[in-house]
Amino acid sequence: MNPSATPVAQSASSQSLRRSAEIRKLFRDLYGGDCRLFRAPGRINLIGEHTDYNDGFVMPAAIDLHCCVAVAPTANRAVEVYSTNFNESRSFDLDQPQPRGDWSDYVQGVAIMLEKSGYHFPGAKMLISSEVPMGSGLSSSAALEVAAGVALLDTQDTPCDRVQLAHICRRAENEFVGARCGIMDQFVSCNGRAGNLLMLDCRSLEHSFLPVPEDARLVICNTMVKHAIAGGEYNIRRAQCDEGVRLLSCVVPGLSALRDLSPEDLEQFHELLPSTIYKRCRHVVGENQRVLAAAAALEEQDLQRLGKLMAASHQSLRDDYEVSCPELDLMVELANVVEGVYGARMTGGGFGGCTVNVIASDAVPEFASKIASAYEARTGIVPEIHVSASPLNSNSRFHQRSVALLRSASNDHAQIV
Ligand code: GAF
């Protein structure tokens with residue numbers, strides 16, 4: 001993260017070259033020999049929270065914080081993996097998958113799900129180094145899964161496209177790690193485009209890119225309160241949504257997910273739902289509408305309207321979905337009174353982590369210093385403030401090789417470095 005809140009665009013490429021050189025050296029020191037290096041980004045979600053697993057709409061963006069994975073093939077069907085973040089090594093046998101309940105499950109899960117999808121690996125040595133803060137709602141796990149997936153794919157010859165890789169990484173998290181997440185995080189880590197928000201229909205996977213307005217910045221404020229989505233509350237919310245669908249499907253024809261429920265049907269039949277289930281459904285139904293309205297507001301460059309939708313989203317997540325926490329609420333409250341702020345809300349699964357803020361570019365330095373000192377004064381916690389390099393950050397330098405690797409044709413984010 002960038003605690004000083006200085007925009008990082010100007011120095012991003014030299015920083016990433018230095019980082020690549022350091023990782024290659026670490027790999028040589030640890031394993032001997034050369035490696036190839038890949039990376040995938042974390043994400044923010046501007047709006048559309050807890051809608052992905054309800055077949056709904058989301059609007060995330062890849063961020064300029066990445067997980068890097070260095071890899072070299074071996075021939076023994078074993079994967080050795082070292083994490084610089086945990087300063088730990090793990091190894092696993094591709095023929096005898098065994099979850100261990102730690103960070104290496106994300107790597108093992110992706111390897112196993114790739115093999116189940118028809119890819120075959122000789123074995124590999126890997127080194128992981130992530131700058132996406134863990135447990136912060138910026139999807140460090142999807143960044144790790146996707147970077148590991150791209151790295152592993154490089155050790156074999158069968159092509160994989162980006163949508164397929166997103167599905168496989170999600171499957172790893174659902175079936176191997178045990179978190180019942182939706183597709184949003186893996187999809188944007190595979191397909192995000194620099195400087196753009198990704199408008200995604202999580203049912204059809206149709207998507208389009210919406211540019212971040214040139215005179216606005218996305219600013220991430222980390223409350224430093226850690227969350228864990230593998231923890232029970234996330235899966236409980238999912239089960240509550242499923243229960244809402246089950247209870248209403250006998251009266252609403254064609255209802256297979258909350259995506260299909262209109263606000264009118266929800267109100268008409270709300271007495272069929274226990275009050276908690278009703279509130280969960282109300283959040284999802286309203287949030288889907290807010291995402292569509294936010295896309296229209298962005299197209300019209302109406303940032304005031306966007307800000308109102310973000311405020312309504314936060315309120316609904318706090319009161320109806322009950323996934324916020326006092327620190328997130330405070331961070332949003334503090335942001336809302338700073339000049340130049342269009343909108344602020346929690347981002348990601350909740351129970352801690354980060355807020356996303358849309359701010360007039362010229363108000364960013366003052367925002368960063370004001371919010372950091374106000375949050376520290378109220379909580380005693382020093383927050384991290386990260387200003388996205390959007391809308392100008394471009395990684396096209398690496399573009400050709402990553403396209404060749406994944407046989408994909410977009411200006412992408414998961415890439416070789
Ligand atoms: C987490 C999950 F991984 C996503 O799939 C999504 O549900 C999100 O929480 C909430 O919108 O990041």
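This report covers the confidence, cores, ligand shell and selected residues of a predicted model.

## Basis and confidence

Numbering starts from 1 along each chain, following the sequence as written. The model is predicted: local features require pLDDT of at least 70, side-chain atom pairs count only at pLDDT 80 or more, and totals for chains, interfaces and linings use all residues.

Residues 1-11 have pLDDT below 50, with 21 contacts in the model beyond near neighbours in sequence. A contact means two C-beta atoms, placed from the backbone, within 7 Å. Residues 390-412 also fall below 50. That stretch has 47 contacts beyond near neighbours in sequence.

## Overall fold

The chain holds 12 helices and 13 strands. Both are DSSP runs numbered from the N terminus: helices are H or I with at least four residues, strands are E with at least two. Of the 417 residues, 50% are buried. Buried means 20 or more other C-beta atoms within 10 Å of the residue's own; exposed means 12 or fewer; partly exposed lies in between; C-beta atoms are placed from the backbone.

Residues 24 or more positions apart account for 71% of them.

## Nonpolar cores

The largest nonpolar core has 105 residues. Such a core is a set of buried Ala, Val, Leu, Ile, Met, Phe, Trp, Tyr and Cys residues joined through C-beta atoms within 7 Å. M59, V69, A70, V110, M126, A147 and A294 have the most contacts inside it. Helix 3 (residues 140-153) is the top contributor, giving 10 residues. Domain 1 (8-210 + 402-416) and domain 2 (213-387) each supply at least three residues to this core. The domain bounds come from an automatic or database domain assignment.

V110 touches E145, A148, G149, L152, I168, C169 and A172, leaving aside neighbours within four places in sequence. A second, separate core has 11 residues, including L248, L258, L261 and V285.

## Ligand shell

There are 13 residues around the ligand. The shell divides into 4 nonpolar, 6 polar and 3 charged residues. Here Ala, Val, Leu, Ile, Met, Phe, Trp, Tyr, Cys and Pro count as nonpolar, Asp, Glu, Lys and Arg as charged, and the others, Gly among them, as polar. Both domain 1 and domain 2 give residues to the shell, so the ligand lies between them.

Most residues other than glycine have a negative phi. H50 has a positive phi, near 60°. H50 sits in the loop between strand 1 (36-45) and strand 2 (57-58). H50 is buried because 27 C-beta neighbours lie inside 10 Å.

R77 also has a positive phi, near 60°. Its loop joins strand 3 (60-73) and strand 4 (78-83). R77 is partly exposed, with 15 other C-beta atoms within 10 Å.

## Two further sites

E322 lies in the loop between helix 9 (303-319) and helix 10 (326-336). With 16 C-beta neighbours inside 10 Å, E322 is partly exposed. E322 and R237 are 85 residues apart along the chain, with C-alpha atoms separated by 9.2 Å.

S91 belongs to strand 5 (residues 88-93). S91 is partly exposed, with 13 C-beta neighbours inside 10 Å. Leaving aside neighbours within four places in sequence, S91 contacts A78, V79 and E80.

How values were computed. A residue is near a molecule or strand if its C-beta atom, placed from the backbone, lies within 6 Å of it. pLDDT is the predictor's confidence in each residue, from 0 to 100.
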